[in-house]
Amino acid sequence: MYRIETHLHTAYVSHCGWLGAQALIRMYAAGGYSAICVTDHYNRDTFDYLETDLSAPGSRADEFLLGFRRLQREAERYGILVYEGAELRFDGSDNDYLLYGFHRSLIADPDPIMRGGLAKFSERCRADGALLIQAHPFREKCTPAPAEYIDGVEVQNTNPRHDSRDSLALSYAKKHHLLMTAGSDCHRPGDECRSGILSDTLPKDGFEFARLIRSGNYRLIRP
């Protein structure tokens, strides 16, 4: 069985992340993980942290994926695969959404994405073939999204500094027949290797990873 982390942040892009590529890869290699998905925050705070002028022309995808690229380079030494991901937040909401299996053009222009909101992005996401999973929907200040706009729910989030009320997320996912994921939500030392998924197959890239999630052919890693 292959261990895969689904929810992880880096110090390069997420202003709340403490860990760099070398530390993260060493931690997950020691924890027996075969792959990790980098889901740095994609929100106003992130682009302020990166000192990005969102009004200037040009794609912001490469800038946002800096953490992914650095982990990918470091991971080659350890035989761990690294997938592209993101954790989106739209203006006027405290909800977060994990994005998997996307083309870079989907996240190229952050400002209209964040201003447009969930319903508009959900339509674009499905046209792109990407997967949208609501992270920790019952955490304080969060609310479960309308099921028609998402593909799944993170039913287990093991970040030790938050009560994500996972039992409510699990009930919501079952009620609406949504996909279910689990993740460590790693930001700092001690968060790593606490959750994720177990699979008989190892996806080669982010698109195969999204297809694995969509198939449901995996088990959740329980603490």
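Buried means under 20% relative accessible area, exposed over 50%, and partly exposed in between (1.4 Å probe, protein chains only). The model is predicted, so local features need pLDDT of at least 70 and side-chain atom pairs count only at pLDDT 80 or more, while totals for chains, interfaces and linings use all residues. Residues are numbered from 1 along each chain as its sequence is written, and side-chain values use heavy atoms, with hydrogens and water left out.

**Exercise 1.** Characterise the salt bridge between Asp 111 and Arg 115.

*Solution.* A salt bridge is a side-chain nitrogen of Lys or Arg within 4 Å of a carboxyl oxygen of Asp or Glu. Step 1: the N to O distance for Asp 111 and Arg 115 is 2.7 Å. Step 2: the two residues are separated by about one helical turn, because they are 4 residues apart in helix H5; helices (H or I, at least four residues) and strands (E, at least two) are DSSP runs, numbered from the N terminus. Step 3: Asp 111 is buried, at 19% relative accessibility, whereas Arg 115 is exposed, at 54%. Step 4: salt bridges with shared partners join Arg 44, Asp 91, Asp 111 and Arg 115 into one network.

**Exercise 2.** Determine which parts of the chain the salt bridge between Arg 104 and Asp 62 links.

*Solution.* Step 1: the side chains of Arg 104 and Asp 62 meet at 3.1 Å, N to O. Step 2: Arg 104 belongs to the loop between strand S5 (96–100) and helix H5 (110–116), and Asp 62 to helix H3 (residues 61–64); the pair thus links distant parts of the chain, 42 residues apart. Step 3: Arg 104 is partly exposed, with 34% relative accessibility, and Asp 62 is partly exposed, with 45%.

**Exercise 3.** Describe the ring pairs that involve Tyr 42.

*Solution.* Rings of Phe, Tyr and Trp (its six-membered ring) pair if their centres lie within 6.5 Å; planes under 30 degrees apart count as stacked, over 60 as edge-to-face and the rest as tilted. Step 1: the structure holds 9 aromatic pairs. Step 2: one of them is edge-to-face and joins Tyr 42 to Phe 47, at 5.3 Å centre to centre with 90° between the planes. Step 3: Tyr 42 and Phe 64 are also edge-to-face, at 5.1 Å and 80°. Step 4: Tyr 42 lies in strand S3 (residues 41–42) and Phe 64 in helix H3, so this pair ties together parts 22 residues apart in sequence. Step 5: Tyr 42 and Phe 47 are both buried, and Phe 64 is buried as well.
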